[in-house]
Amino acid sequence: MKQVANFINGQSVTTGNTFEKISPVTGKPVALIHEADRATVDQAVAAADAAMSGPWGKMPLAQRCQLLYKIADEIERRMDDFVAVECEDVGVPEAMARTIFIGRAAFLFRMYADQAREHLDQAYNFDTPDGGRALAYTYHRPKGVIGAIAPWNVPMLLLAFKVAPAMAAGNTIVAKPSEVTPQSATLLAEVMKSVGVPDGVYNVVHGFGRESAGEYLTENKSVMAYSFTGESTTGAVIMRAAATGLRDVSLELGGKNPAIIFADANLDAVFPGSSMSCFSNTGQICLSTERLYVQRPIYEEFVERLAGVASAIKIGGPFETGVQMGPLVSHNHREKVITAIESARDEGGQVVYGGEIPEFGDERDGGAFIQPTIITGLPESASFVRNEVFGPVTHIQPFDEEDEAVHMATNTAYGLTSTIWTQDISCGHRVASQMKSGLIWLNSWQLRDLRAPFSGHGLSGVGTQGGRESLEFFSDVSTVTLKI
Ligand code: NAD
């Protein structure tokens, strides 16, 4: 079987301890992953630390940026290889892997090369108490070794969101991809090597969280900052570990995202938008909508039509023609989603559509598939309405007045995204101004300019990521003042 090794100081590093990567499409093992023990993780951090004082640390910004451009070119040249491993790991339809998972990841390396060149220092010319003048100016320098801990839902893109700005700002990296989706981070190591990124700048360690590579990485005090994307509870654990030594954290966490659909909304746009926001990538996008609030006059029609849209979604493997929705990422995760649907039934919810495991009559029956699922009738206190499920599931609730919708939509400890559908511009902006979330969409979903900042409020995150904000996070600022 295919072996996936760690990557340290420009070399593949195998360990005595392997675990299987299981295909979410068939349930069969597809690769053996070499788990990093504490010594292997420490070796990766030491390599990253040493690389800061090697050629990378002395490399002029322009040359660093050229390397980032070459990384983007090489990712695109090896697009088919990247698409193959992302499809194998996640089970996502090929077109989505190509355009979003890999295409946008390549874009980020170019974008951060451009932004790093324009990452401006500041200068202040000021009066001194003795009647003279002084000049204060700032410069940015890299923080050092960055721990990049990534989730499984969009593996390559979410890793690139960390690696590209961290490298653009001159840092070195130890990446810890999810144990469920280890392959694209490893392929990226091949790209780094082939375009001439100095050894030790980008390292990969494989393994799990607790008592494995993730935890060991957070316990190594030579890592100066962590960029983490994953569950809110894991974020809290990482923040606690980073507090030892007061190391910095940037946390992109979970969500329980609402959409408010007013009766005057353009339903021709709402249905494709809502279907995408609930079911694309099998609901495994942190930006996905799991709570829909629909104004009473269109509620019945809305539920019926969205159920129709859901029932028409073609489910299957990544490379099947016309497939819109793949499996969940793993059987473990499907268990969690099924448990959440059962809890919704127990709490009085009605499953309007879905909730079942589809039958194919072939090897896909061994996969982690589930139908898109629409539930109604739950109270706002139900755990299904309060807690992130992270699957192709959504709950629809009617409302009468704008204030009621705003209250229900914001009655959550999370604050990642909100979506508002209305043709009344004033209402749209009024409601948008009351949403406590980092990203708010009006009459669209998931339109993103990657230069724009992105942050999670409340349980959804700490810090702001995206364009310049990421470069700031991965830099330390020094101010020099001189009397002139
Ligand atoms: P997770 O928290 O289980 O794991 C994420 C990563 O952390 C994995 O690499 C895992 O091995 C590692 N990890 C787990 N425990 C650890 C520990 N104790 N110490 C160090 N590392 C540890 O998350 P997941 O299940 O992989 O991803 C799904 C979650 O990610 C969802 O909650 C989703 O909303 C969230 N997410 C958020 C964003 C965002 O931008 N806000 C984007 C994508 C996903």
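**A buried pair and the overall fold**

Modeller: Start with two neighbours in this predicted model. Phe473 is buried, and Phe474 is buried too.

Biologist: How are the rings of Phe473 and Phe474 arranged, stacked or edge-to-face?

Modeller: Their planes sit at 75°, over the 60 degrees needed, so the pair is edge-to-face. The ring centres are 5.0 Å apart.

Biologist: How many aromatic pairs does the structure hold?

Modeller: Seven.

Biologist: Let's zoom out. How many helices and strands are there?

Modeller: The protein has 16 helices and 25 strands.

Biologist: And why call it as compact as a globular protein of that length?

Modeller: Its radius of gyration is 23 Å, and the globule rule gives 23 Å for 484 residues, so the protein is as compact as a globular protein of that length.

Biologist: What does the C-alpha trace span along its principal axes?

Modeller: About 70 × 65 × 40 Å.

Biologist: What share of the residues is buried?

Modeller: Buried residues make up 60% of the 484.

Biologist: Now contacts. What share comes from residues 24 or more positions apart?

Modeller: Take the contacts with a separation of 6 or more. Residues 24 or more positions apart account for 73% of those.

Conventions
Residues numbered from 1 in each chain as written. Predicted model: local features only at pLDDT ≥ 70, side-chain atom pairs only at ≥ 80, totals over all residues. Heavy atoms only, no water. Helix = DSSP H or I, 4+ residues; strand = E, 2+ residues; numbered from the N terminus. Rg over C-alpha atoms; globule rule 2.2 N^0.38 Å. Buried < 20%, exposed > 50% of the residue type's maximum accessible area, 1.4 Å probe, protein only. Contact = heavy atoms within 4.5 Å. Phe/Tyr/Trp six-rings, centres within 6.5 Å; stacked < 30°, edge-to-face > 60°.
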